[in-house]
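Please keep the sequence and the structure in view while reading.

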Amino acid sequence: SPMDSTQFTQQLVQMTGVEQQLLTNDLLEKLVTNTGSGIQTSVSLLGKEVRAAGDLAKLTAGKAEWNFKLGADAADVTVEVLDSAGKVVQIAKLSGDQLKAGEQTFAWNGKDRTGAQLANGGQYSLRVTAKDAAGASVPVTNYLKGVVTGVEQVDGKTLITVNGVQVGWEKVTSIAEPVKQAAANDDTTSNNTEASENPPSETAG
């Protein structure tokens, strides 16, 4: 009868609702697990030098630096510095070795196209357009490189801080121990150690 079919439909809807709830619970559990592992993994990156996909840099002490990789030799490379609103504040043409395939670095002095020095603390992105001798596009990959100084959880996403810029930890492509630049200090430290060890040995003798 029509009544039976209606009841049957209601039961089906209820069953579907229960299944959806079970699936939602499963997804929540996975999300919590992934979030936890993300934070744990990211914390282990603190103090490590990483490379991560990204095109942001922070203007610090009147300068900013970006890293990018050219997929092939280029005949023409144009770089544009954009502010957080997407406005182009500086344009430059690269030359010489910066047109060669491989890893490249672009350093910016923090000045806009009128020559005015922009304020420190702002985040800027780099847009790189590369073409070969035939005018065809050359693939470009932007990335950040630096030491991880912070880890934060925002809206379920784990973000790490590199060079003052936040980036998703899943964008990290390589990890390394930072290069120690304390060679000059090592001599001083060893001398101090020797000096501190001498008095006890003399006393013991």
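Trp 66 is buried, since its relative accessible area is 2%, where buried means under 20% relative accessible area, exposed over 50% and partly exposed in between, with a 1.4 Å probe and protein chains only. This is a predicted model, in which local features need pLDDT of at least 70, side-chain atom pairs count only at pLDDT 80 or more, and totals for chains, interfaces and linings use all residues. Residues are numbered from 1 along each chain as its sequence is written, and side-chain values use heavy atoms, with hydrogens and water left out.

**Aromatic rings**
- Rings of Phe, Tyr and Trp (its six-membered ring) pair if their centres lie within 6.5 Å, and planes under 30 degrees apart count as stacked, over 60 as edge-to-face and the rest as tilted; by this rule there are three aromatic pairs.
- The rings of Trp 66 and Phe 106 are stacked, because their centres are 6.2 Å apart and their planes are at 25°.
- This pair links distant parts of the chain, with Trp 66 in strand β3 and Phe 106 in strand β6, 40 residues apart.
- Phe 106 is buried, with a relative accessible area of 8%.
- Trp 108 and Tyr 124 form an edge-to-face pair, at 5.0 Å centre to centre and with 65° between the planes.
- Trp 108 counts as buried at 3% relative accessibility, and Tyr 124 is buried with a relative accessible area of 8%.

**Strand β3**
- Helices (H or I, at least four residues) and strands (E, at least two) are DSSP runs, numbered from the N terminus.
- Five of the seven residues of β3 are buried, so this strand is largely enclosed by the rest of the structure.
- Two strands pair if DSSP finds at least two bridges between them; β3 and β6 run antiparallel and are joined by seven bridges, and Glu 65 has Ala 107 in β6 as its bridge partner.
- β3 also pairs in the antiparallel sense with strand β8 (residues 140–154), over four bridges, and there Lys 69 stands opposite Thr 141.

**Nonpolar core**
- A nonpolar core is a set of buried Ala, Val, Leu, Ile, Met, Phe, Trp, Tyr and Cys residues joined through side-chain atoms within 4.5 Å.
- The largest nonpolar core has 20 residues, and those touching the most other members are Trp 66, Val 77, Val 81, Phe 106, Trp 108 and Leu 126.
- The elements giving two or more residues to this core are β3 (64–70), β4 (76–82), β6 (102–108) and β7 (123–131).
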